[in-house]
2 protein chains.
Amino acid sequence: MSAPRILLAGHGSVGKAFHELLHETNVGRVVGVIRRAGAWIDENGVAPGGTLLAKRQHVSVVDALDKLRPDVFVELTPTNLQTGEPGASHIRAALERGIPVVTANKGPLLRHHDALVKLAREKGVPFRFEGTVGGSIPVLNLHEFCLVGNPVTRIDGILNGTSNYILTRMAEEGLGFEEALKEAQELGYAEADPTADVGGHDAAAKLCILANAVLGVRVTFEDVRREGIQTISAAAIRLAEKEGYAIRLIGTVDAATKTASVAPRLVPHGDSLNVRGTLNVIRFTTAHAGAFTISGKGAGGRETATAVLSDVIHALRGRSR
Amino acid sequence: MSAPRILLAGHGSVGKAFHELLHETNVGRVVGVIRRAGAWIDENGVAPGGTLLAKRQHVSVVDALDKLRPDVFVELTPTNLQTGEPGASHIRAALERGIPVVTANKGPLLRHHDALVKLAREKGVPFRFEGTVGGSIPVLNLHEFCLVGNPVTRIDGILNGTSNYILTRMAEEGLGFEEALKEAQELGYAEADPTADVGGHDAAAKLCILANAVLGVRVTFEDVRREGIQTISAAAIRLAEKEGYAIRLIGTVDAATKTASVAPRLVPHGDSLNVRGTLNVIRFTTAHAGAFTISGKGAGGRETATAVLSDVIHALRGRSR
């Protein structure tokens, strides 16, 4: 059997890391990389480091899908939480052509979850998006494969590592919010404009995807009651710590009430939701076996690339969500 | 499609709970329950409460397998860590007949993992045993379905809820070992003979299954360096707590060194391995994405039954480990 052929759109930190990981693990070969700045196409495989040497072409994703007919299309262009584009159009084009799709791009799922899942079902084509939530942590696959026969009734979690890093440093070092944010920016954990992280937008987007994909609760981004961590003071954290609590930015969605929120909450020391630093954590409350809590690295190119790779393998086995 | 037909051997706490859960969820019907004290057979379905009313027959597992040809055989007879019997013979008989097998019985896996897995492969038949490790926590399925393409290099965990309950109570209430054990026995968490739990035998058995099934490390029960919690004093726990640590009975298996141990260890407060009470926790260290930690209810009839049910659903879909 010849190696599966992968078309990759987007070559940022996750795209590059996925490209390298695929190369190392021999799961398949990348026959095309499409970027805004130009594409690399090579039927013999575009090597991760070789992209810089290869000749750039101007090829659109749609043209590449038609020309290459890859075994899996991997969508990793930059996330746009408002429109979901260009990812949504790329994914739609692949599914319409009967080509399996794997993505870590939150925008398309946030804005078009139902329509894209429906299209994939109609075409009988795998469409997987583990990498959109929890970085390396298998959240959607845990639900799909490990909790069969045991419905999830509620999800709570820390879905943004940047804000958790800031809250952890404020508690551990007595820093103010601005100081801790500056440190996070210097370490590369926070972007120059940190709004999406500290304002809870990123966590709210992931919570929406979980609500729709795991709980079947139709929650839009605008439905999520959202509060960030910008107004948390060092004094508030000190007081909470003294009473045995940490302050954490917790996302919660409940199947019974069909409500979702992201807000700072008091979490007791010793509670499994109380993870530190850049970790993410997700707690599934189930109908038949109480709660499970899973934690791990919630971000990072390499980490998210492992989620993408596992989905590519599932897609090659024909597994659809 | 008619409902899948299940043959069940063993009707203890997990067997009864699985029988009820299957009935509630409509995944299939139990056409036979085989116990040492007698069997109930009914092609129309043996109802969970109805067993007491039905006529008992004397039928062996092998005769029932031949007569009923079930879609899945569920092996839940009492565990024997020394011989693996009678579970091992039951499982072998089913696999030889090409009948898918699901079990939560540690004995057969501990003693015959390789031979049984090989037989299942040769026959092309699903053989699943999620319920042997971690109660309700999806440990084997997490590895099989969620960490594809990302090899596990090391496992650490708290695999026995009884000993964890005792250590937690010693720390929280300043109890001595004997007092905390007595409390655990009164609450039904510990058996009259607590050796398997507090001596680390139960944890060592589960660790062996993980070593073989997840890491592919050939470790026998006798290879596990094992130390229990009987000699942990209240003073030792106080001292550890004062320095910011809890004492926990940790099982560890490492793919590189091919060594396995169960022993009391110091775990920092705030570490995700530091779960309390009867919880279990497992940490997978992976090649490409750091560590994941998953915790949940590690024991209980209903909880373990959810693991069995999820395996039955996978087996009906033809999925083999």
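Two exercises on a predicted model follow, each with a worked solution.

Residues are numbered from 1 along each chain as its sequence is written, and chains are lettered from A in the order in which they are written. Local features need pLDDT of at least 70 and side-chain atom pairs count only at pLDDT 80 or more, while totals for chains, interfaces and linings use all residues.

**Exercise 1.** Describe how helices α1 and α11 of chain A pack.

Solution. Two packed helices are described by the angle between their axes and the distance between the axes. Helices (H or I, at least four residues) and strands (E, at least two) are DSSP runs, numbered from the N terminus. Helix α1 (residues 13–25) and helix α11 (residues 301–316) of chain A pack at an angle of about 60°, their axes 8 Å apart. The pair is therefore oblique (under 35 degrees is roughly parallel, over 145 roughly antiparallel, 65 to 115 roughly perpendicular, the rest oblique). Residues in contact (C-beta atoms, placed from the backbone, within 7 Å) include A:Phe18 and A:Leu21 of α1(A) and A:Ala305 and A:Val308 of α11(A). By class, this contact has 8 nonpolar, 5 polar and 2 charged residues.

**Exercise 2.** Describe where chain B touches chain A.

Solution. Start with the totals: 35 residues of chain B are in contact with 35 residues of chain A. On the chain B side, the elements giving two or more residues are α1 (13–25), α5 (140–146), β12 (291–297) and α11 (301–316). Next, take the strands: β12 (residues 291–297) of chain A and β12(B) pair in the antiparallel sense over 3 bridges (pairing needs at least two DSSP bridges). Within this pairing, A:Ser295 has B:Thr293 as its bridge partner.

Note on methods
Axes fitted to C-alpha atoms, helices over the stretch in contact; angles between N-to-C directions. Contact = placed C-beta atoms within 7 Å. Nonpolar A, V, L, I, M, F, W, Y, C, P; charged D, E, K, R; others polar.
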